[in-house]
Amino acid sequence: MVGAQSYVERPPIAALAGIVSSVWIQQVAADAEPYVQRNIPSGAVELVCRVGFDPQVIGPLTGALVDVLEPGTTVVGMRFHPGAASGVLGMPASELVDVAVTADELWGHSAFALAESVDAAASPEDALAGLQGHVAAGLAATTGPDPLIGEAVRRLRWMTDDVGSLTSTLHISERQLRRRFQAATGLAPKPLHRMLRFQRFLSLAQHAIASGVAPAGDGLARLAADAGYADQPHLNRECLRLTGTSPGAFLGEAEDHCGCGHDHAASFMPVLRARPALL
């Protein structure tokens, strides 16, 4: 563990690839200071297992959520693709917006079994394997994601900044699209698009930080353009809306954290591979 805390993100196992975007292990050393982290809206639902505590399901966020991890904390978790969690949750994502609930409220005894598996694991890696295996084993009894919403999210993530075009390209009325979008993702199409665009920017910035080139000045403006913002003031407004702070302050915080034991490659590599398609 570097710098008394670490965060390592990885792609999920193959059985979960259609519904989960990434999984992670996060640790704070027993002799470290409490670790303050800023969780920002991504359109995703997360399943978080803090060793020694009940597993939690964190619904889609509409604003930044600051959390404090105490010394000695180990967390394993998974982040679902936007719109892909409802079947696993057993309820529409719209019922969990800006809400964190213990998993037993959704799954009953199955959540207790998951907590016992994570707590009894011999290592964080084994705990993460147990988490993924638990969710994968339950997939057969769930309904799959709404394929139309999956395609809409894919288009908003990689192919278009014109939210209004979805109704014609997907052959659905605006009312029906909005209804299905909110049930699956908990959000309307436009707010989710803002989050996905900011995730593009964040992924490009994280890659720059991992490469030892923290974006600033003209570099920040270039990243804003690459991510699809009209200009840097446009990015500034959206960053303040989604993170509660300016891009410079937000990325300074990210550089401090990511430079001492964080690995976000599982998030930023898909963006880099799709970069020629970005608007």
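A pocket is here an open set of points, on a 1 Å grid over the protein atoms alone, where a 1.4 Å probe fits and which has protein on both sides within 12 Å along at least five of seven lines; lining residues have an atom within 4 Å of a point. The model is predicted, so that local features need pLDDT of at least 70 and side-chain atom pairs count only at pLDDT 80 or more, while totals for chains, interfaces and linings use all residues. Residues are numbered from 1 along each chain as its sequence is written, and side-chain values use heavy atoms, with hydrogens and water left out.

The second largest pocket has a volume of about 150 Å³, a volume being the space filled by probe spheres set on the grid points, which are joined across faces, edges and corners. Its lining consists of Val163, Gly164, Thr167, Glu174, Leu177, Arg178, Ala188, Pro189 and Lys190. Two or more of the lining residues come from each of α7 (174-185) and α8 (189-210). Helices (H or I, at least four residues) and strands (E, at least two) are DSSP runs numbered from the N terminus. The largest share of the lining, three residues, is supplied by α7. By class, four lining residues are nonpolar, two polar and three charged (Ala, Val, Leu, Ile, Met, Phe, Trp, Tyr, Cys and Pro count as nonpolar, Asp, Glu, Lys and Arg as charged, and the others, Gly among them, as polar).

Side chains of opposite charge can pair when their charged atoms come close. With a salt bridge defined as a side-chain nitrogen of Lys or Arg within 4 Å of a carboxyl oxygen of Asp or Glu, the count comes to ten salt bridges. One of these joins Asp263 to Arg10, with the closest N and O atoms 2.8 Å apart. This pair links distant parts of the chain, Asp263 lying in strand β9 (residues 262-263) and Arg10 in strand β1 (residues 5-10), 253 residues apart. Asp263 is partly exposed at 25% relative accessible area, as is Arg10 at 39% (buried means under 20%, exposed over 50%, partly exposed in between; 1.4 Å probe, protein chains only).

Asp67 and Arg50 form a further salt bridge, at 3.3 Å between the closest N and O atoms. Asp67 is in strand β6 (residues 65-69) and Arg50 in strand β4 (residues 46-50), so the pair ties together parts 17 residues apart in sequence. Within helix α5 (residues 147-159), Glu151 and Arg154 are three residues apart, about one turn of the helix, and form a salt bridge with a closest N and O separation of 2.7 Å. Arg194, Arg197, Glu238 and Arg241 are linked in a network of salt bridges.
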